[in-house]
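Here is a short briefing on one protein model. It covers a helix, the nonpolar cores and the aromatic pairs.

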Amino acid sequence: MTSLPEPRTAGRPVRSRRTHLIQPPGPRELLRAQAAVLVWFDAWWLDVPGESDEVDEVISEFLIEDCRRVRGPDGAAHWALVDSVRRRTLRDLGPKAAADALRRTTINPTGPAQSALSRAIDPTPTADGEPPTLESLSADLQVARWLSDAFPAARNVEAIEAALAREELLAPLKTFGAHGFYGRTTELGLLQEHLFGGTRPLVISGVGGVGKSTLLAKFITGRTDGLFAYLNFDRGALEADRPAQLMSEILRQLTIQQPVLSERLRPLIDDLRVQENTDEETLGLSSHASAPTSSTRLSRSLIARAAKLITPYVSGGLLVVLDTFEEVQRRRITDLYVLKDSLDQLLRLIPMTRIVIAGRALDTGLGAELDATVISLTELDHTSAVQMILDADGVAASVELAERTIGLVGRNPLSLRLAIEILRVSQADDPLLDLELQEGQIQGVLYRRILMHIDNREVRRIAHPGLVVRVVTPDVIRHVLARPCGITVKTDRHANELFRQLEREATLVTSDGRSLRHRADVRKLMLPKLQRDQKPQVAKIHRAAYRYYARLRGPAARAEELYHRLMLGQSGSTLAAHWDKDALPSLLDSIDELPARGQQYLWAQAEGRISLPDEIMREADDQTWAAATAPLIAAELRAGRPEVALDLAHQRRGPNGESLVPSAEVEALEAFREFDEALRVLRGARDAALRRRRSEEAVSLTLDVLRVLERMQRFLEAVREASELRDALRAGYGESALDYLVATTSYLRLLRRSGRQDSPEYAEGVADAVQKAENLTLRELGSRPGLTRELLAEIGTASEKLLRFGIEQVGVARGQTERLDSELAKVDATTGSGPYDDGDDDAEDGDYDDEPLVEPRSRTASKVAEYLNEVGPDDDLSHAISESWQVETDGLYS
């Protein structure tokens, strides 16, 4: 057993030389000491002195009160000490007693975490071993956080965190090079030339599996100087139309490579992330979110500030790599325009920047769109392909066999890796001779041959139909795949054994230690045929999968549940009942796998941000088309292309020639100042909504009418319509309290702009608005940030609670009025922080002055909140803020 021996003096007090009584450790302390030096354990490993029944009770209480259940590397359930108890126990033991406890153990768990804990508690000189990995560094960090400062390992937390961050940064690149690197001398030379001489972006395009990412990984990891940022658009992690997000990720990676930058860039990264997460509604209209915003100006200002701070550190060059760029190309064209603008700004502000873009079969026109140089990556040269086969582990290949293999499968690196796997597992003298390969079928045939050579029949059965699921875990094997694949898995241990055996098939799957994903290139190749040839089995897996994930919580589980529902072609109403917007990025990665109906549904949920084949878009019903097209029109308007927006609105009309996207079409008409036509479209759509008894739609269209009338300065007519709308909403027409507040806010603004802000009607409206707003929860009010600003622009300081909320929600923008800037100077003096500046007068001037630095609204708002918390209410400041919101709002409605 693993235990601490009973103290020789147990059962009686020990008298020290100073005659103090030292109480011997009790059973609970002994158990904690045993468990504290083990990452996990089984109950039968524990031992304390005493009678059997008493010991069992002591151990049971210990497990219930001080421990938790964990799953070990073997897939079975074990026990582990709760972290807080472990930290306290190790602190009380100290290094010597902890080392003694560890030495007395006779059974230890396996795995990197236990190795790290044992090494930290009882360090012994060892020869240099393998370089640290993500897994080993993660274990070291966890252990360091368990230990107190008395242990040397606990003093290295910051160093371990830095090493782990760098390893996490390099891990994806190392994965691409796991199969070795062959040839590509010419391409590496072109990349090197680009680094030192090219100013235009360099685009690398090629078919799947040809080695684009592997080439980039080799080039990046082989550099000895300069900084890099690797931006991968796979799996929706990054959005091309969010410059603040992209810049914050670039800066994050630079701080890992240059820790000296961390302190200087951290506030800026925080600002960028706030900007990234700020919904555009914050600077939009109360009724909807598609109004022009100043977010682009702020993003450009933040990027300029970032460039000024990092330029002194990129003398060796800054390489920015954008991988899996085909995901960008399939998004709406405005995303590409926003990205190009950001890249152009980066190139202008940091001349040493070099940009490389890589993707699968990129459009031929991309070079012109991005003003880039394009190179096509093709197969390996013959000599490199031969050497790749000869160097493969476990393959006794001759040059003759390598030549014959290349003749059969070609020189695409993916095809070669699949062929090597067959050579590795086959016992035949000529394992590829019987392959009858046709163009386009090579990789599929090779994949099926690899499956035939998986020794374990159960693993072989789940490997191929298992392609139907996107993620494989032991639980997925047991509860989703087992029955449809014709195998019996009754225990977690059995499921984990199958999982670990499948994990070893590195040609087929990639692993993060907890889950497996089929290699993207292999899955893309084989899934369509599997869905055609084994429809009943595939449907059973989809049904089992969505039922399994429906029981789990979190956006990751919702994404998998929705994926399988979409694959089954479930109705829009069923999907809507289970929809989670946070699942969308993950689902978009797999949109090509979905049936047409599923693609159309995601197209609508993505608000037109992706492109679908023309035939699938044409087949979409009017409702789906409108849901996808209206946001696309708004995006074109934000990009300054109203003519394109109007063309989109006219692409499809209703049965009587009416607009299917009236609100969006009207915004495009407003951009051309065609207000009369905008009113005709809105009133026609409103009449149709009233005939169909669609009250919410009619209310929304009436709010649009009010906006157009206000922009035409037909205030009296607009006041009358706003008053009628308020009366209708008070009488119960419509369902939203927010709509009533929007109507009341519009009514107040129209009264003020028509010169009637001193009227009894205005005073009554303010009182009504304050009451209704304070009856809403802050979450409800926060769902329309534009409304918050417009409301506070009218009610001013009538509600301290709402004003404080508005400062936090909407922010405060400098430069709106002289009065506000004067009041903010008082805030700056009190808080000890001046207007936003870079704090680095020594940096080179460059072209930064072209992008004047703008303090983010949220940062100014934080200073205002700090000031108000310190000095209390300040009417002058509050009135100045409300007045600035009036200026902003009136500008939107002019």
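On helix α40, the face turned away from the buried side carries the exposed residues Glu818 and Ala829. The model is predicted. The buried residues of α40 are Leu820, Glu823, Leu824, Val827, Asp828 and Thr831. Seen down the helix axis, these buried residues fall within an arc of 155 degrees, so they line one face of α40.

**Helix α40**
- Helix α40 spans residues 818–831, 14 residues in total.
- From first C-alpha to last, α40 reaches 20 Å, close to the 20 Å expected at 1.5 Å a residue.
- Its buried residues pack against α41 (857–871) and α42 (875–892).
- Just after α40, Gly832 takes a positive phi of about 75 degrees.

**Nonpolar cores**
- The largest nonpolar core holds 130 residues, and Val480 and Ile807 touch the most other members.
- Helix α35 (residues 737–753) gives the most to this core, with nine residues.
- Leaving aside residues up to four places away in sequence, Val480 touches Val469, Asp475, Ile541, Ala544, Ala545 and Tyr548.
- A second, separate core has 44 residues, including Ala240, Leu254, Phe325 and Ile355.

**Aromatic pairs**
- The protein has five aromatic pairs, counting rings with centres within 6.5 Å.
- Phe233 and Phe325 have ring centres 6.2 Å apart and planes at 85 degrees, so the pair is edge-to-face.
- This pair links distant parts of the chain, 92 residues apart. Phe233 sits in the loop between β6 (227–232) and α9 (243–257), and Phe325 in the loop between β7 (318–323) and α12 (326–329).
- Phe233 counts as buried at 3% relative accessibility, and Phe325 counts as buried at 0%.
- Trp579 and Tyr601 are also edge-to-face, because their ring centres lie 5.7 Å apart with planes at 75 degrees.
- Trp579 lies in the loop between α25 (572–577) and α26 (584–588) and Tyr601 in helix α27 (residues 596–605), so the pair ties together parts 22 residues apart in sequence.
- Trp579 counts as partly exposed at 22% relative accessibility, whereas Tyr601 is buried, with a relative accessible area of 13%.
- Ring pairs also link Trp40, Trp44 and Trp45 into a cluster.

**Whole protein**
- The protein has 42 helices and 11 strands.
- Buried residues make up 53% of its 894 residues.
- Among contacts between residues at least 6 apart in sequence, 69% join residues at least 24 apart.
- The protein exposes about 41700 Å², and carbon and sulfur atoms supply 48% of that area.

Key. Residues are numbered from 1 along each chain as its sequence is written. This is a predicted model: local features need pLDDT of at least 70, side-chain atom pairs count only at pLDDT 80 or more; totals for chains, interfaces and linings use all residues. Side-chain values use heavy atoms; hydrogens and water are left out. A nonpolar core is a set of buried Ala, Val, Leu, Ile, Met, Phe, Trp, Tyr and Cys residues joined through side-chain atoms within 4.5 Å. Buried means under 20% relative accessible area, exposed over 50%, partly exposed in between (1.4 Å probe, protein chains only). Helices (H or I, at least four residues) and strands (E, at least two) are DSSP runs, numbered from the N terminus. Contact means heavy atoms within 4.5 Å. The expected span of a helix is 1.5 Å times one less than its number of residues. The arc is that of the directions from the helix axis to the C-beta atoms. Accessible areas come from the Shrake-Rupley method with a 1.4 Å probe; for residues, only the protein chains shown count as cover. Rings of Phe, Tyr and Trp (its six-membered ring) pair if their centres lie within 6.5 Å; planes under 30 degrees apart count as stacked, over 60 as edge-to-face and the rest as tilted.
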